Structures are given as C-alpha cells and as structure tokens.
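Subject: Structure handover

Hello,

The structure we spoke about is below. My notes on it follow.

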Amino acid sequence: MQRKVSLFAFLLIPFLTMVLPTSAESDLSSSYNQLFMLLSLVSFAVLLLVVVLWVYFMYKFREDNEEVEREEIPHSTSRKLEVGWTAVAILIIIILMALSYPILFNETTAAEDPSNFQNPITIVVEGTASWTWKYHLPNGTVIEPVVVQKDAVDVHFTNITLTKDQAYTFIFFNTAPFIHSYFVKGLNIKMDVVPGTNNSLTFIPTKVGANELLCAEFCGALHSQMRGWVNVEEA
Amino acid sequence: MSTETADSAMLEEHHDLPLLQAFVALLILTILEVLFSELNGTIFNGVLLTLTVVKAIVVGAVFMEIAYDKETTRIISFVFVVPFIAVMFLIFTIAADWRF
Amino acid sequence: MDHEGMLWKSPRRMLGSTDAQEIGLMYFVLSFINASFAGLYALLIRFELWTPEANYFDGGADYGATFTLHGTVMVFLVIVPLGAGMGNYLIPRLVAATNADMYWPKWNNVAFWMLPIASLFVWMSQAPIGWTAYTPLSVSTGEPGIDLWILGLVMSGISSTIGSINFVLTIWKGRDPTIGWMDLDLFVWGTFITSILLILSTPSIVIAIVMVFFDRNLNTAFFYNPSAGGPTAPIMYQHLFWFFSHPEVYVMVMPAFGLISILISKYARRKIFGYQGMVGAFIAIGVLSFLVWAHHMYATGINPLVRVAFTTMTFAIAIPSGIKVFNWLTTLYGGKIKFGTPMLFALSFLVMFTLGGITGMYVNIVPLDITLHDTYWVVGHFHFIVAAGSLQAFFGAIYYYWPDMTGKYYHDLTSKIHFWLWSLGNLTTFTAFTLLGMNGMPRRYFTYPDKFQGLHQMATVGAFMMGLSFIFFFVSLFWGYFKGEEVEDYDNLFGLGSGYNFPPPFAERMEEENGESVHVEHSLSLWAGSAGSVLSLPFFGFLALAGTGFFYRGYVKNIPSDLPIFPLVFMAVILILWIGAFVKSIGESDAVPALFGIISTLLAMLTIAGVFARRSLLGYSNYIGLAFFVVFLLWIAAFFNTESKEDKGPSVIDQYKQGRNWEIWTFLASETIFFGILIGVGLAMRANAAPGTWVADQSEVLAVLPTAGNTFVLICSSFTMAKAVEAIKKGNKDDLVKYLGYTIIFGSIFIGFQIFEYINLAHEGEVALQAGATYPVFSSAFYIQTGFHGTHVLVGIILLIFVFLRARQGGYDEEHHEYVEFVGLYWHFVDLVWIILFTIVYLL
C-alpha cells in the first residue's frame, strides 16, 4: 500500500507540473517548430522500423525461400515481445505528453495570464455574415475588407498591420449564423469565432513579414474567399 | 438432448412477484413527490430525487423482474450503469464547456 | 453456395431473402453503387481544385454539396455497410450459428432494405453543410435538402442499430456453444465491439441532428433561433455529434482490422501473433473510443483543463492501435508468404495505417493542432486510415472470398493492376494532402492561394489514378465471374494449401456427435422486405409536411424546379423489383406485402416528383404527408392479420436459446443512452439558461397536478402489464388478454392527455414554440423530452395491440410467450423513463 502511494505521488507531481499553466513564451513559433520536429523524428523512427521489418519479413519469409528456418516463436519470447513493445509505446507517449503539455495552455493562457505581456493592445476581430473579416481598433476605426478579383473569383481581403514585439489581445466577435475560424499560420494562431461567445487570444508577433489569414471553419458559400493579410512591421 | 434444453429453458421458476405491493408503493411515492415538490430548497429537491430513484428501482426490480433474474448484476451493469457513466461523461463535458 | 446466380434474377429473393449470405451480397452491391457515385464526386472536387479558378463549379454553394455528399456517403453508406455486409456474409459461419443464420433473420432483411431509401434521401439532399453539419450553419442554411439529409441519416442510424443488435446477439447467444470467446476469429471480435459501439453511440447523433431538424422547422432554440436572440448553444451540437462520430470512426476501422488479420494469417500460413493481445486491443479501443471525442474541438476555445483530459485519453488510445501493427508484422515472421492480391492489399494496409496513425498523433498535440486543425493534414490523416486502410481491407477480403461468392477465381492480372494503381494513387494523393496541410491549406476550399497549386495538382493526379483503378477492380471481379477459372479444390484455395476453414456447421456437428438432426430453414419474407420500405413512409411524410411549412418554419425556398431524374430512375428500379415480386406471389399470402411494397414505392416517387417539381401537388402535400402515416398503419394491420395466421411451430431459436430477454435488454441499453442524453442535455440547458429564459416554477406554466395523475395512469399500465406477464406464465390465457387490454387503455389515456396538454400549452403561448412564445429554451427542452417519450409510448401501444390480438387468438401459452415479455420490458422501461422525466421536468 505504501509503495502504491509513493508511486502515485512520484507520477502525479511531474504530471501536475507539466499540466498546470506556466509562464507563456512570447514567441511560440520556435517551441511549436521544435515540437513538430521532435514528433517528426519519433514518427520517422517508428515508420522506419515498421517499413524495415515489413520489407525484411516479406523478403525473408516469402514462399520461394526454401533455405530459411521457419520456427514458431516460443511462448516466453512472444510474451516478452508484446510486453516490450507495449512498454516502449507507453514510454513514447509519456515523453510526448511531457514535452507538449507545458505549452498546451499557450493557445489562450496568455490571455488568462496577461501579466506576462506588457500593455496588450486590444482589437476586436469580427467575422461577418458577408464572409469578411473586420478589425475594430481601440481608437474607434474599423478596418474594412477590400474585394479583389483573383482568378475570376471575388476574394475578400482585410489587411492589418501589427507592430513587432508588441502584445495584442484579439477578441473574436461574430453575429453571423455560422462559425468562422481565425487562422494565421505564420503567427501560429487559430481560434474559432463562434456566434454567441467571445473567444480571445493574446500573442506577440516577433518576426517582420506578411502572414496570410484564412478562414478555417466551413461557413458556407464564400468560405474560401474570406481572407486577409496580417503584416508585422518594425516599431 | 434438445428436449432437455428446451424444457429447462421454458420452465422458468415462477416467482410470486409482489406486484400489488409495488403498485401501492409507487402510488404512495408519487403522492409524496407531488407534496415535496411544493416545498423549495435543496434538501427537498434531494428528497424528491431520492423518491424518484426509489420509484425507478421498484419498477425495475419488481415489474421488470430484474431482482429475480438469473443475471441481475449483468443487466444492471450493462443496461443501466455503463450507459449511465458514458452519458455522464458527455453531459459533464457539455456543462464544463458551456459558454453561452 | 447452392443457389449462386439466382439471387439477381429473382426479385422475390432480393426483396424477401432472410439469408445472411445473400443479404451480405446485397450490402456489397449497394455499397459499391454508392461508392462509385461518391467517388465521382471526389473526382469532381479534385478536378475543380486543379487550379484556383472556378473550373467546374460556379462558386462555393454547389461545391459545398459535393464534398458534403462525398463524405457523408462514404462514411455512412459505403464503409459502414461494407462492414455490415462482410459481417453478414461471414459471421454466421464463423460462429457456427445454431440456426445457420443471423440471430434475427427477418430483421436482418428489414435493416438492409432501409438503406437504399436512406441512400436516396442523402443523394437527393445535395446538402451543402459539410458531413459534420455544424450549427448554426446547418440550422440557418435555407436549403431544404438539409432536412432530407437529416432524415436519411436517421434512417441509416436505425438500420445500423438493428443490424448491430443482430450481430451482438448472433455472436453472443447464437453461436455454437462449444466455441468459446477466445476461440473466435478476430473478425468476429472486431464486429462484436463495433456493434456495441454503434448501439451505444448512435442515439447521440440522432439527437443532435433531430435537434437541428427541430431548430430548422419547429422554431426550437437548441442551437440557434433568430427569434430567441440568435445562437443559443451551437457548440453543444459539436459535443453531441462527436460523441457519436468518434466511435463511428472506430466502427469504420475495426471490421477492417479483423479482415486484415484473416488475410495476413492465411497468406503467411501462420496463426495470428498474440491473439489475446489483439482481443485486448479491440476491447481497449472500444472503451477508450467513447472518451476522446472532444479532440475534434481543440480550436473552439474550450476550457484548457477539458483539453488536457481529452489529449490524455487520445494519447492512450494510440497505444492499442499501434501495437496491432506490430502483432501483424510479427505474424509474418516464420511464415511462408504468398503474394496474392488480397495479401498485397493487407500488406499495404500495414504501412498506410501506420502513416494514418502517425499523422493522427500530430493533431492530438494541442499546440500542433492549432496549425493543423481544419487543414488538409486532417484530410490526409483520415484518408490514409479509411481509404488506404479500411476500404483496402474490404478490397482484399472481397477478392479473397470471391470464390466463395461465385465459385470462380477473379482475374489475377487486372486485380494486380487495380492494386498498384490504387496504392500509387493513395500515396500520391494522401501524401499531397498531408503536405498541403503542413503548409496551411484549409479544408473545404474551392479556390485557394496560388502557392498551393502544385500540391493540389499532385493530389488530383493521384485521385484519377484511384478512380481508374476502380474500373480494374470491377473488371477483375466480373471477368472472373463470367469467364474465370472455376474453383477445383476448396481446400487449397489460391494455392494456399487451406480453405476458408469455417468451423463445422452446427447442424453437421449435432448430426455427427449426437445423431440429432437440426432442421434449418431459410425462408423468404416479403413482409420483412416491405417493412424496410414501409418504415421509410413516416420519413417521406415528414418530408412532405416540412416542405410545405406545415411546421412553424419550413424552408421552401431554393427547391430546384426540374424533375430529379436520377432519384426517380432509382425508385423506378425498386418499383420494378416489387412488381416482379408481386407477379410471382399472386395466389400466396406474400402478395399482400408485395402490394404494400408497390404502394410505398409509388407514394415515394410521387413525393419526390411533387415536392421537387413544384407541381400543384405541393398544394396537397399536407394530405399526402398524412397519407403516408395512414399507409404505414395499414401495413401494420395487414402484417398482423396475414402473418400471424400461419402456424409457426417452435423455431430453431426457441429450441436452443435460453432466456431470450437479452434481445430486448441489448436494445434497452441503447435507449438508456438515448433518454440519458435527452435528460442530461435538458439539465445542462437549464443550468446555463440566461435569466428569464427558463421557467422558475413549473407549476405556474405547466399543469403539474393533472400530469401527476397522468403519471399514475402510466404506473397503472405498468402494473397491468406485469399482471399480464404473470398471468401467461401461469398459463392463464384469458387473464393475459384482459390485462393486455387494460394496459392498452391506460396507455391510450396517457397519450390522449399528452396531446390535450400540448394543444393547451400551444394555446397559452408560454411553453410553446411559435414566434413570440415566452420561454423558447425551456419549451424546446420540454417538447423534445416529452415528445420523444410520447412517441415511445405510441410505439409501445402499437406493439401492445399486436400482442393483444395474437393473445386473443390463443397464440401464447405457458411455454411460449417471449414476445409478451419483450413488450412488457419495453413498456416498463418507458414507464421508468417517465418516472424520472416527470420529476425532472415538472417537479424539480
């Protein structure tokens, strides 16, 4: 009983430290990319293992091959194999959990813990019923969409310019009878814009450049045409 | 062999179910429920819910003969408990995620 | 098979067969017809996406219908029916079923024949909302097809629930008693767990889409209601939808797992490695599949702690799925592998499934999901699993069992061309999808930023390769059927040195071991066939009524004004089948159901033509809609009158089954989920209702005391029902009739009062649904809970009438009265639900 309690505590404490919110990093791109790279490494290793074994067994144990010894796997070995690979799988999963949980909260924690960000500028981002984006700036101006004819299709672009290293809080607002999603891959942000509720997001852009905004939740006929540019410039 | 199986299958034990007693109990419980619902407050709501659960158990145990079945535990687990847990998980998540 | 080839020449056999193998074949045909059209839609999508310009579609609206139907049909009308078909085809033989068929042969037929009509509804709908149909888009979009889509999916849900109960009972209670759980083929395990998943999860999606139907047509406020202030709880839809749809994706893949196990072990000449581990993995996947649904919702802004819970569960479910791949690989070790076409598909599955699993891992990691959610990455992930995975397993299995189905081998060279074209196409397209997603290309776009064009073109090339490979598939099979090599030695199929190795059939074993002869009969039942069509009549009725605004808010705009040719042609084919069956049945009692088959098909064609062609028929649609319900009731009356007169001696099931109440208990598990969700959702809506939208004290707006009286009436009916069962157990037939009669009377009083209550409430306008009603949210919850309960009472009364009439004819006795008990259990359950509902809705 004692051993069980201490084992539980042993596992619980690191789990809790992984899971509880930590201070948000200011630029999430690098940690996302690192996580992506790491997972790709692990995945590639697994895929390689599977493919190598696959090819090897197909070759070695093909019907024509008379020379190979075709023995049964003894029961003790097969038990060890099954336990072994289950344990390895569990271990890999735990490692992935450990690495991903700390930044799991960064999607919106930054908004819940804005003490990390100095003076965020609050902008209300509206997804409209006419399949356009609109930005309502704190000074009262509204950035309106521009319709551009692209490949014989009308695309609605709404462009905004942000300042590098400045914190922004986006509050999402939608009165349309469908859900939109604000997706800017270059800034690692995606947030559903749901009518009746106000999701929000706080982030700091750290790289100068132009980032494409795309709607990422099917909202009807003009879903593909609801876009924009989020430009980041030096202060 | 088939006739033996058939016989043992067909001749279930005849329990004398307390149907009338169960019916009267349900009647009384329903009256109590209506009376309790007039009173407000969490304790009374708790009592009300308890009475309801008791009624449900009476219907299940006596009318549906669950209490007299060979496989009482299995029936309760797979037809009521497991689905209930699954539904609880869903409803709990919906409630935790309510944002409107 | 002893009657090969004759199935397709005999309308009577096609419509009335209760033989699982024949029904399995019909499932395959239906699935491949649906797959061909859904595949064509996919090619349309890929053609459109060759360039960012509008290549085929004028804009997003029609494009939306194309990807919606591609997804909906492939999921509900191709992959799941293929699993059901393969199950029908194999499982009775794999478990050496005591009646050499599925547990309920006639319900098997009913479940199948609901699907062609469901397919029709879905194809006609051209719904443009995505197969996920998120609210509020699905509520606010005016296309009337969406209501058709909803009705079609409800029909297919009912069909798969009946089928699933059938599989569970066949495997659990119907198998040869000498075959233990751990002797069963892994395909049987896969189908067993799949069926349990369907039984427990289907109620969730039925509730979700029926709520959408109500929001659209009855002015309820579950998700979105303009007169109640707009969005009420759109995200709740996603929870209800995914609670079903996540187990559904495992439903799509577990039968395939079983088939892959069969193919790999046959073609490697080895027993599957780690049988117990594989069974454990199936069970683990089954349980965990209910606990991960919100991983589809990471970007909706949900509570971070909720996200953690679901991420953890999703990581957990990766483990049993992953280790299966290693079990399959290890099966190859020490084998003597023959690379026949089925084996090529199975081997390819291993890698494709691994790729699918790996891409899935990425999206479970929430920070990565931010960039990958709702992009082509997800599309790549699920196509690797379902198309390059499941569908491939079915290809392999159909090739492998082709000799069993037809007595001939398929054409080998074309099958290999099929395989290579298909696999290359898969790799090309789905890798392109994955890369597109990695670069941020969102889903469901018909035009896109130029930088994505190259990968889109790569995907299109692969898609056409897959489309072409399909042709080789059909050529290989049909060439084999008409001109192929006949099977000489069933014990050395494909040169493998073994046959299909089904366990010895139960009848044979009984004969050998006990000298006892078990008579097994596969009878035709046109009643069952017509039931499948007639059960669709209420759905047509709802359609006709909804289309005219009979409900508060029907969407009648945008109905195309030309005749829908394809649906009418399809129905005409079914009509010809029924006419053929009728002609062959004249003079027998079978003629009556055949007549009903003809009538219901004609009525259906009339609705389709009328509603869609906007002829003056539309003005009479109300009456036509009600006529459907009348015909449905007439069918029930005719069924009872004609069928029950035939004397049916004890069937094989009666002789070998002990305690048949499990048939109803299995169904009631699904009902617990159904009503549990309805009550739970009501509670959630209440807990979170904005002030003023929920009634503070129900006794002010609802007639609590009279309803308490009504509750008493229902309890009385339960009492008399219990007395009825007690009576027949003692052999007292007269008391049975008496008490059944009382039960019907009490039940009818209950319903009558409820109708009276509804009319009163609508009149008073507080607990009502018309625009301007005082409590829209409370009313929505009130009507859906009491309404569904009332419908269950109504169905119960119909069943009771059946049993009552049969009892009057002396059809039940002390030893044979299962149906009385079945109806009794159902009735008590409905009473039990009311006991809980009454307290929660009226008292608390």
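**Chain C against chain B**

Chain C and chain B bury about 5500 Å² between them, with carbon and sulfur atoms giving 74% of that area. Please keep in mind throughout that this is a predicted model. On the chain C side 72 residues are in contact, and they meet 50 residues of chain B. Of the area that chain C buries against chain B, 11% is supplied by W662(C), W665(C) and F719(C), more than by any other three residues.

The rule finds eight residue pairs in polar contact across the interface of chain C and chain B, both residues being at pLDDT 80 or more. The helices of chain C that each supply at least two residues of the side touching chain B include α7 (186–217), α16 (506–514), α23 (662–687) and α27 (818–843). Another of them is α24 (704–729), and α24(C) gives the most to that side, with 13 residues. Sorted by class, the side of chain C that touches chain B has 42 nonpolar, 18 polar and twelve charged residues.

One salt bridge is found across the interface of chain C and chain B. E65(B) and K729(C) form a salt bridge through their side chains, at 2.9 Å from N to O. E65(B) has a further feature in its backbone: a positive phi of about 60°, although E65(B) is not a glycine. Most residues other than glycine have a negative phi. E65(B) sits in the loop between α3 (42–63) and α4 (72–96) of chain B.

**Chain C against chain A**

For chain C and chain A the buried area is about 7000 Å², 70% of it on carbon and sulfur atoms. Here 86 residues of chain C are in contact with 70 residues of chain A.

The rule finds four salt bridges across the interface of chain C and chain A. D450(C) and K150(A) form a salt bridge in which the closest N and O atoms are 3.3 Å apart. Residue pairs in polar contact between chain C and chain A number 23, with both residues at pLDDT 80 or more.

Several helices of chain C each supply at least two residues of the side that touches chain A, among them α3 (60–94), α8 (234–267), α10 (304–332) and α11 (341–364). The largest share of that side, 15 residues, comes from α10(C). By class, the side of chain C that touches chain A divides into 49 nonpolar, 25 polar and twelve charged residues.

**Within chain C**

How do helix α2 and helix α4 of chain C pack? Helix α2 (residues 20–48) and helix α4 (residues 105–125) of chain C have their axes 10 Å apart, at an angle of about 10°. Angles under 35 degrees count as roughly parallel, so α2(C) is roughly parallel to α4(C). From α2(C) the contact takes in residues including I23(C), M26(C), L30(C), F37(C) and Y41(C). From α4(C) it takes in residues including F112(C), W113(C), L115(C), P116(C) and W123(C). The residues of this contact divide into 14 nonpolar, four polar and no charged.

There is also a cis peptide bond to check, from T135(C) to P136(C), with omega near -5°. Most peptide bonds are trans. P136(C) lies in the loop between α4 and α5 of chain C.

Regards

Note on methods: Residues are numbered from 1 along each chain as its sequence is written. Chains are lettered from A and ligands numbered from 1 in the order in which they are written. Side-chain values use heavy atoms; hydrogens and water are left out. Contact means heavy atoms within 4.5 Å. Buried area is the accessible area (1.4 Å probe) that two parts lose on being put together, summed over both. A polar contact is a pair of N or O atoms within 3.5 Å; within protein, one must be able to donate a hydrogen and the other to accept it, and residues adjacent in sequence count only if both atoms are side-chain atoms. Helices (H or I, at least four residues) and strands (E, at least two) are DSSP runs, numbered from the N terminus. Ala, Val, Leu, Ile, Met, Phe, Trp, Tyr, Cys and Pro count as nonpolar, Asp, Glu, Lys and Arg as charged, and the others, Gly among them, as polar. Axes are lines fitted to C-alpha atoms, for helices over the stretch in contact, and angles run from 0 to 180 degrees between N-to-C directions. Angles under 35 degrees count as roughly parallel, over 145 as roughly antiparallel, 65 to 115 as roughly perpendicular and the rest as oblique.
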